[in-house]
Amino acid sequence: DAANSLINPPIISYTDFYNSTLDHIDLMEEYHNWQCYGNSHRFSFCQYPFIISITAKKVIIQRDSEQQMISIARQSLVDKVSRRQKPDMNMLFLNVKVRRTHLVSDSLDELARKRADLKKKLKVTFVGEAGLDMGGLTKEWFLLLIRQIFHPDYGMFTYHKDSHCHWFSSFKCDNYSEFRLVGALMGLAVYNSITLDIRFPPCCYKKLLSPPIVPCDHNTLVGICDVTLDDLFQIMPELAHGLSELLSYEGNVEEDFYSTFQVFQEEFGVIKSYNLKPNGDKIPVTNQNRKEYVQLYVDFLLNKSIYKQFAAFYYGFHSVCASYALLLLRPEEVEILVCGSPELDMSALQRSTQYEGYQKTDLTIRYFWDVVLGFSLDLQKKLLHFATGSDRVPVGGMADLNFKISKSETSTNW
């Protein structure tokens with residue numbers, strides 16, 4: 001695995017190292033041995049995380065989360081009883097109450113006030129609406145919030161059409177708490193097994209694991225990782241292409257490009273310049289120093305210019321997902337935990353679908369699957385998005401979607 005990672009791109013996929021036999025052993029015992037003894041006296045498969053499949057890692061993270069949820073809920077109950085107060089079942093949950101008209105601000109307030117409850121199971125209520133949250137309201141809350149926050153007009157993220165992904169807006173602001181909210185949302189999604197319709201580039205997940213455990217010293221930089229031109233290609237391919245042409249240019253770079261070690265960015269209609277190194281505006285880019293220029297440029301765009309935004313996002317994610325299990329994960333695996341897998345297998349969905357009021361041999365159901373299996377991939381994704389809030393598949397595959405077709409006895413002329 002180590003040798004394979006040194007080559008770019010790797011010769012074989014990281015998933016080829018997975019040993020699926022390990023999905024069937026007592027994973028939590030392995031995890032606890034590893035937590036207690038680390039890499040010393042006692043053997044644990046967790047010492048070699050590259051052979052543990054994403055399915056097994058998800059089990060470890062969920063059980064670890066559940067145990068944290070239970071111990072925090074138990075502590076709340078003990079505190080109540082010791083103060084001779086009547087315990088209330090609501091204490092066992094992270095109860096989020098929001099108005100649809102003030103979705104982002106209410107969610108921010110609720111999560112900030114209930115910071116101690118973030119590891120409890122999530123329950124969402126929309127003010128003024130009847131409806132018990134059996135999972136559907138939680139999914140709707142995530143869906144609506146993500147839609148609103150990632151809308152280009154909202155200004156927190158910019159959408160890059162040529163790479164179909166979002167990246168952090170580098171505009172300075174007074175308060176980065178909304179970025180913390182997005183991080184917390186991602187953490188809550190992993191923690192509550194909900195897949196989110198978020199399009200971040202791979203380097204975002206690399207930054208999220210830099211470092212995988214929040215440092216005790218608050219002066220330590222977080223969310224900073226080594227970035228390359230390849231990382232920039234996955235977000236801003238045109239710019240990355242321009243920089244790679246500069247690197248391979250055979251003429252005189254200084255005379256033909258006339259660039260210096262500075263970056264220009266438009267902010268609220270004003271062009272601002274930033275030096276990539278001290279006195280950068282006075283240092284010309286030449287054939288000799290162009291590699292350094294490109295490296296500093298990429299580092300500026302993906303690390304330095306969005307440091308505060310990403311640090312808030314990092315702390316938000318880890319405020320919910322703080323777990324040693326994160327040490328077992330690769331960045332690609334974190335992405336699958338948050339967004340699900342893009343591989344769709346509609347026949348697998350058909351096999352695991354449950355029915356209420358129908359049988360799978362009924363004509364209606366047979367017609368339904370004939371149509372769905374005949375859909376283009378794009379339409380199948382739209383159906384999945386409509387039914388579950390995301391067009392990607394959770395880690396455990398289609399069976400984890402709990403897809404159900406129910407017969408509604410009400411009048412059909414609605």
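**Notes on the predicted model: domains, pockets and helix packing**

1. Start with the second largest pocket: domain 1 (14-217 + 307-339) and domain 2 (229-305) both contribute residues to its lining, so the pocket sits between them. The domain bounds here come from an automatic or database domain assignment. This is a predicted model, in which local features need pLDDT of at least 70 and side-chain atom pairs count only at pLDDT 80 or more, while totals for chains, interfaces and linings use all residues. Residues are numbered from 1 along each chain as its sequence is written, and side-chain values use heavy atoms, with hydrogens and water left out.

2. The second largest pocket holds about 650 Å³ of space. Of its 17 lining residues, Asn-8, Pro-10, Lys-206, Asp-231 and Glu-332 are the closest to the centre. The elements that give two or more residues to this lining are α7 (202-208), α8 (229-233) and α13 (331-339), and α7 gives the most, with 4 residues. The lining splits into 7 nonpolar, 4 polar and 6 charged residues. For the classes, Ala, Val, Leu, Ile, Met, Phe, Trp, Tyr, Cys and Pro count as nonpolar, Asp, Glu, Lys and Arg as charged, and the others, Gly among them, as polar.

3. A word on terms. Pockets and cavities are found on a 1 Å grid over the protein atoms alone: a cavity is a set of points where a 1.4 Å probe fits but cannot get out, a pocket is an open set with protein on both sides within 12 Å along at least five of seven lines, and lining residues have an atom within 4 Å of a point. Grid points are joined across faces, edges and corners, and a volume is the space filled by probe spheres set on the points. Helices (H or I, at least four residues) and strands (E, at least two) are DSSP runs, numbered from the N terminus.

4. On the domains: besides domain 1 and domain 2, the assignment has a domain 3 (346-406). The C-alpha centres of domain 1 and domain 2 are 35 Å apart. Across that pair, 15 residues of domain 1 are in contact (heavy atoms within 4.5 Å) with 16 residues of domain 2.

5. There are 2 cavities of 30 Å³ or more. The largest cavity has about 50 Å³ of space, and its lining is Ile-61, Asp-64, Ser-65, Tyr-191, Cys-321, Ser-323, Ala-325 and Leu-326. Helix α3 (residues 54-82) gives the most to that lining, with 3 residues. By class, the lining has 5 nonpolar, 2 polar and 1 charged residues.

6. The second largest cavity comes in at about 40 Å³. Residues lining it include Lys-58, Ala-189, Val-190, Ile-336, Leu-337, Pro-394 and Val-395. Both α6 and α13 supply at least two residues each. This lining divides into 7 nonpolar, 2 polar and 1 charged residues.

7. Now the helix packing, starting with helix α4 (residues 103-113) and helix α6 (residues 177-191): they pack at an angle of about 75 degrees, axes 10 Å apart. That makes α4 roughly perpendicular to α6. Axes are lines fitted to C-alpha atoms, for helices over the stretch in contact, and angles run from 0 to 180 degrees between N-to-C directions; under 35 degrees counts as roughly parallel, over 145 as roughly antiparallel, 65 to 115 as roughly perpendicular and the rest as oblique. Val-104, Ser-107, Leu-108 and Leu-111 in α4 meet Ser-177, Glu-178, Leu-181, Ala-184 and Leu-188 in α6, a contact of 6 nonpolar, 2 polar and 1 charged residues.

8. Helix α2 (residues 27-37) and α3 have axes that come within 10 Å and cross at roughly 70 degrees, which makes α2 roughly perpendicular to α3. From α2, Leu-27, Met-28, Tyr-31 and His-32 meet Ala-56, Val-59, Ile-60, Arg-63, Asp-64 and Gln-67 in α3. That contact has 6 nonpolar, 2 polar and 2 charged residues. Note that Asp-64 also lines the largest cavity.

9. Two backbone spots to look at. Most residues other than glycine have a negative phi, and most peptide bonds are trans. The peptide bond from Ser-210 to Pro-211 is cis, with omega near -10 degrees; Pro-211 is in the loop between α7 and α8. Tyr-258, not a glycine, has a positive phi of about 55 degrees and lies in the loop between α10 (253-257) and β5 (262-267).
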